[in-house]
Amino acid sequence: MAKHTQRVQEKSTKDLVREYIHKYAYIETLILVTLYVAIGYLINSEDPCLLSYKVPYLVILLAVITLFHGFENGVFAVSIISLTIWIFYPSFQYVDFLIALLMTLIFSQFHYYWTSRIKEAEVDSSYKSEKLSELSRAFYTLKISHDQLEKNYVIKPMSIRNSINHIVNTNEMILLDETVENKAYEYNNNFLKLIEKSFSMQSGLILYLKDNAIDKKFNKDTVELITINIEEHLEVDKLLKNYLVDKAIARKSPVYVSDETGEPTIFSEEIENKYIGAIPAVINGKVVSVLVIEKMPFMFFNRENLTSITILHEYFSIENRKASLSKSLDGFELLEDKDFKFEMARLRDLNNNFKVNSVVLVLRIDNELQTARVYQKVERMLRSLDMITLVQNEGYYYITLLLPLHDKAAAQGFLKRLQFMLEDERDKKFEYMSFDMSKLSLLSKYYREDYGK
C-alpha cells in the first residue's frame with residue numbers, strides 16, 4: 001500500500017491513456033516521422049520521404065498526426081520532413097513542402113472544429129449529469145426523510161426535512177444581513193451547530209473552499225477551517241495529511257474508522273487518532289468541503305445518522321454554491337425565484353468558460369388575466385431542462401423562460417409554437433425579447449425599462 005499521505009489515484013484507464021498520449025505527443029510524433037523516414041530510406045535511399053510515388057504517403061502520415069494531435073504536432077512533423085528533404089535531396093522540394101504544409105493547415109482546421117464539438121458535447125453532458133445528480137439527490141433526500149419520519153419524531157430533535165429548512169432559512173438570513181462580513185464562515189459555523197444539535201456531535205470541524213470557489217483545487221492555500229468544541233490550534237496543512245481526510249478527498253466519499261474494509265488499520269501519528277469520520281461534499285466531481293467528526297456518542301455513531309449527515313452536508317454545500325452564484329448576478333433584485341436565478345448564473349458561467357450559449361426569452365404583458373392564460377400555456381410547453389418564472393414591475397408582467405444550451409433561433413421557434421397554441425387572438429398580443437447569456441445586463445434593464453447607459 002502506498003504511503004498514506006499520498007492520495008489514492010482513482011482514475012479510469014481511459015483517462016490515464018489519454019493523459020499519457022497528450023503528455024508525450026511530441027515524442028510520439030518524432031518517433032512516427034523518424035520511422036517513416038527510416039523505412040523510406042530502406043525502400044529508396046534517394047527518396048526517403050517517398051515523394052515521387054503515386055500514393056501520397058507523406059500526406060497520409062501528416063493526416064494521422066495532425067488530426068489526432070493538432071496544429072503544433074503537424075507543424076513539428078513538417079519541420080522534421082523539411083530537414084530531411086534539405087539533407088537527403090539534391091535540391092529542396094518546394095512544391096512537395098508547400099503541399100505538405102497546406103494539407104497540415106487543412107487537417108489542423110478539422111482537428112480544431114472536431115475538438116470544439118467534443119468540448120461542447122462534454123459541457124452539455126456535464127450540465128445534464130449535474131442536473132440529474134441534483135434531482136437524484138433531492139429524491140433520495142425525500143425518500144430518506146419519509147422513511148425515517150416516525151423515528152425522527154421520537155428520538156431526534158429535528159428531522160432531515162426540518163434540518164434542510166433550517167439550513168435554507170439560516171443561509172437566507174445570513175445572506176440578507178449586511179453586517180456579516182464573512183458569510184462563508186457564518187454558513188459553516190451554523191451548519192456545525194446544526195450537526196451538533198441534531199446528531200449530538202460533541203466536537204468536529206469543517207474544511208471548506210474560500211469564497212465557495214469550486215473551480216479551485218482543495219489544498220492548504222484554498223481551504224479555510226472552522227471548528228466546534230475544539231480548543232487547540234489546528235493547522236490546515238496537517239489536517240489535509242490526516243489519513244481519514246486525505247482518503248475522503250481522494251475517494252470523494254465518506255470514510256470512517258469502522259468502514260466495511262476495516263481501514264484504517266494503523267494510526268501512527270497523534271493527530272490521526274483523534275477523528276472518527278471524514279465526510280466530503282462533492283459538486284461537479286470536485287470536493288468543496290470536508291466535515292470531520294472528532295467526538296460523537298457511541299449510540300449516535302451509526303450508519304443511519306452518518307447517512308443523514310452526508311445528505312445534509314451535500315445539500316448544505318449546494319445551497320452555499322447557489323447563494324454564491326446567485327449573488328454574482330448584479331441588477332436582478334426583481335427576480336425573486338432563487339432556483340431560476342441560480343440556474344441562470346450557472347449557465348452564464350458555462351458560456352463565459354466554455355462558450356456554450358443558452359438563451360432567455362421574456363414575454364412582456366400588461367394584463368393580469370392575459371398573463372395567467374399565457375403562463376399556463378407556456379408551462380405545458382416546457383421541456384425537461386427549461387425553466388419559467390414571473391417577474392412583476394410597474395404594472396408589467398414579465399414571463400421569463402430559460403432555455404439551457406439553446407440559441408436565439410430555438411427561442412424564436414418556441415415563440416412561434418406558443419403563438420400557434422394560443423387560441424384567443426387577444427392572448428397573442430404581447431411584446432417579447434430574447435437575450436444571450438452574454439447580454440444578461442440588458443435583461444436587467446428590460447425588467448426596469450432602464451434606458452440609461
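Student: Why is Leu50 called buried?
Tutor: Leu50 has a relative accessible area of 10%. Buried means under 20% relative accessible area, exposed means over 50%, and partly exposed lies in between (1.4 Å probe, protein chains only). Leu50 falls under the cut-off, so it counts as buried.

Student: What kind of model is this?
Tutor: It is predicted: local features need pLDDT of at least 70, side-chain atom pairs count only at pLDDT 80 or more, and totals for chains, interfaces and linings use all residues. Residues are numbered from 1 along each chain as its sequence is written, and side-chain values use heavy atoms, with hydrogens and water left out.

Student: Where is Leu50 found?
Tutor: In the loop between α2 (25–43) and α3 (57–69). Helices (H or I, at least four residues) and strands (E, at least two) are DSSP runs, numbered from the N terminus. The chain has 15 helices and nine strands.

Student: What makes the phi of Leu50 worth a remark?
Tutor: Leu50 is not a glycine, but its phi is positive, about 55°. Most residues other than glycine have a negative phi. Asn229 also has a positive phi, about 60°, and is not a glycine. Asn229 sits in the loop between β2 and α9 (236–241).

Student: Is Asn229 buried, partly exposed or exposed, and how do you know?
Tutor: Its relative accessibility is 49%. Asn284, in the loop between β4 and β5, is partly exposed at 38%. The C-alpha atoms of Asn284 and Glu130 are 6.5 Å apart, although 154 residues separate the two in sequence.

Student: Why is strand β6 called largely enclosed?
Tutor: Seven of the seven residues of β6 (359–365) are buried, so the rest of the structure largely encloses it. Val359, Leu361, Leu363 and Ile365 point one way. Val360, Val362 and Arg364 point the other way. In a regular strand the side chains alternate between the two faces of the sheet.

Student: How do you know that β6 and β8 pair?
Tutor: Two strands pair if DSSP finds at least two bridges between them. β6 and β8 (396–403) have seven, in the antiparallel sense, so they pair. Leu363 stands opposite Ile399 in β8. β6 also pairs with β9 (431–436) in the antiparallel sense, over six bridges. There, Val360 has Phe435 as its bridge partner.

Student: What makes β2 and β3 edge strands?
Tutor: Five strands form an open, antiparallel sheet in the order β2-β1-β5-β4-β3. β2 (223–228) and β3 (255–256) each pair on one side only. Within the sheet, β4 (277–283) and β5 (286–295) share seven bridges. Gly277 has Ile293 as its partner in β5.

Student: Which strands does helix α8 touch when it packs on the sheet?
Tutor: α8 (183–199) touches β1 (203–209), β2 and β5. Contact means heavy atoms within 4.5 Å. The direction of α8 makes about 35° with that of β2. Helix α11 (303–327) touches β3, β4 and β5, at about 40° to β4. Axes are lines fitted to C-alpha atoms, for helices over the stretch in contact, and angles run from 0 to 180 degrees between N-to-C directions.

Student: What makes a set of residues a nonpolar core?
Tutor: They are buried Ala, Val, Leu, Ile, Met, Phe, Trp, Tyr and Cys residues, joined through side-chain atoms within 4.5 Å. The largest such core here has 28 residues. Phe191, Ile293, Met296 and Ile309 have the most contacts inside it. α8 gives the largest share, six residues. Another core, of 27 residues, lies apart, and Val123, Phe332, Phe342 and Tyr398 are among its members.

Student: How do you know that the span of α11 is close to the expected one?
Tutor: The expected span is 1.5 Å times one less than the number of residues. For the 25 residues of α11 that gives 36 Å, and the helix reaches 36 Å from its first C-alpha to its last. Helix α4 (71–88) has 18 residues and reaches 26 Å, close to the 26 Å expected.

Student: Why is α11 called mostly covered?
Tutor: 19 of its 25 residues are buried. For the chain of 453 residues, 45% count as buried.
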